[in-house]
Amino acid sequence: MNTTSTTEKVETFDTTLRDGMQVEGVSATVEDKMRIAEQLDFLGVDFIEGGWPGANPKDVEFFARAARELTLRNSILVAFGSTRRPRGKVDDDVTLRNLVEADTSAVCIVAKSWDYHVETALQTTLDEGVAMVGDSVEFLTREGRRVLVDLEHFFDGFRHNPEFSMRVVEAALMRGATHLVLCDTNGGSLPHEIAEAVARVREHVGSDAILGIHCHDDTGCAVANSMAAVQAGVRHVQGTLNGLGERTGNANLTTIIPNLQLKMGFECLPEGHLAHLTAVSHHVAEVLNRPLNPQAPYVGASAFAHKAGLHVSAIARAKDAYEHVDPETVGNGTRFVVSEMAGRATIQMKAQELGLEMDGAAVNQVIDDLKRLEHEGYHFEAADASLELLMRRAAGWTQEAFRVESMRVITDESPDGRFTTEATVKVWVAEERHVHVAEGNGPVNAIDAALRAALLAHHPELARIHLTDYKVRILDGATATGAVTRVLIDATNGERSWTTIGVSTNIIEASWQALEESLVYGLLHSGG
Ligand SMILES: [Zn+2]
């Protein structure tokens, strides 16, 4: 284990609201961006890059609303922009004016530090390229802003023409930049190259400015590159939550932060805030409708999941022998993956994880149920929520949130060829009978809508729960009656996500089982 005696600070700069929005298929509203900014502040990153004011109306609106509505406790909001135009003047430059008008205490500007880009993209001279950076930094500094400079394509530029790249560094430094952020914009660098370049810049810059790193993941090394940069002296790391970003993504702060804090002994977040990491990561995935990779380091659902075979009792004795960090430090938890192969020890461990008292008879009941149900086509490894409900029932629990009397779903094709689906659900909630009818774009959608409508008056917390995925698989027709359908439903309440399962020869029945279990589980855990 690596410990250091003094806790040195590494600043975190989140660019989810700009770089993160470049992912294909992601589009956030201003409201979404406000919610994400709140989450970032709750997590406690040092800087939140809010976007590029002036680039689009959405970002202008975001900064206006942020100024009025956001009360940030831990983070500084940053407006992003670029240097002035070639051969232009700072005073009448639109980009710089937009930056000032965004009214943030800090701004981050992108500066070209690769000669090739200055000559081909900007089509200007190298001297003018350097002047654009220096003039812009000075202008913004005079406007009272803290100025961070993102040195675009720094590592590629430094490889080709280190002298020019260093002139840009020098200009930004001399004219007042507080941060020089070295960017691997094309994402093609490897850790040893990053470390070498950072060391050389550091020699030159000394302690006159804070050096930063901004990596993209095109070689799969964005996290490793960021770690190497810190090792070489950088004290400011830029990245996005869950690694969101164009192409293969940006450096993943959700991985870098715990790496720096737990493995290298740096301080990134305020004391105690690392434990918010898993919840924030899931929340942001949810706002952007971008399901989190279950295998994501630290925060993924499988990050601390043990498919326990023979060594389950060993894990019980010494959890730390099988986990690289205590999952609680990042707000995650140990999870035991249970299947029909599970023995008594695994079931006991799972019961402990869920906080359930189970005697020998109940454990045997679970083992019998698992064997029987998995033979029928259930797959509990993939449906943790259904497993939990099964175990609770074996331990004597019954759900009392509602009781279903009947459910009916009808799909009609009208003469014009349109399909309409309507579901009727009759349920009892607290001795009251509720009958609700709802339409949907398909049977699952319709029964979901009808069941919720029937329950909502008594269980307003259902409003927070929604389905995020619905998977259907036809299992090979091993039985004489034909193929069996397995349905998996993913749901979330914004803080926790869960999966339930249903199996039947009838797809509607399988869907209904999974749906009902999903809502039961959601209500069971809506308290916290
Ligand atoms: Zn970037």
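Predicted model: local features only at pLDDT ≥ 70, side-chain atom pairs only at ≥ 80, totals over all residues.
Which residues coordinate the zinc ion?

1. Zinc site. Asp19, through OD, and the NE2 atoms of His214 and His216 coordinate the zinc ion, at 2.1 to 2.5 Å. Along the chain, these donors follow the spacing D-x194-H-x1-H. The pair Asp19 and His214 links distant parts of the chain, 195 residues apart. Asp19 lies in the loop between β1 (11–14) and α1 (30–43), whereas His214 belongs to strand β7 (residues 210–215). Both Asp19 and His214 are buried.

2. Largest pocket. The volume of the largest pocket is about 1,500 Å³. It is lined by 47 residues, of which His282, Ala301, Arg335, Ser497 and Trp498 are the closest to its centre. By class, the lining of this pocket comprises 15 nonpolar, 17 polar and 15 charged residues.

3. Elements around the largest pocket. Helices and strands both contribute here: α11 (277–287), α13 (344–354), α15 (384–394), β14 (466–479), β15 (482–492) and β16 (497–504) each supply at least two lining residues. The most comes from α11, which gives five residues.

4. Second largest pocket. A volume of about 390 Å³ is found for the second largest pocket. Its lining has 26 residues, and those closest to its centre are Asn242, Gly243, Leu244, Asn252 and Asn293. The classes are 13 nonpolar, ten polar and three charged residues.

5. Element in both linings. Helix α11 supplies at least two residues to the lining of the second largest pocket, as does α9 (222–231); α11 also gives five residues to the lining of the largest pocket.

Conventions
Residues numbered from 1 in each chain as written. Heavy atoms only, no water. Donors = N, O, S within 2.8 Å, 3.2 Å for Na, K, Ca; no water. Helix = DSSP H or I, 4+ residues; strand = E, 2+ residues; numbered from the N terminus. Buried < 20%, exposed > 50% of the residue type's maximum accessible area, 1.4 Å probe, protein only. 1 Å grid on protein atoms, 1.4 Å probe; cavity = no way out; pocket = protein on both sides within 12 Å on 5 of 7 lines; lining within 4 Å. Points joined across faces, edges and corners; volume = space filled by probe spheres on them. Nonpolar A, V, L, I, M, F, W, Y, C, P; charged D, E, K, R; others polar.
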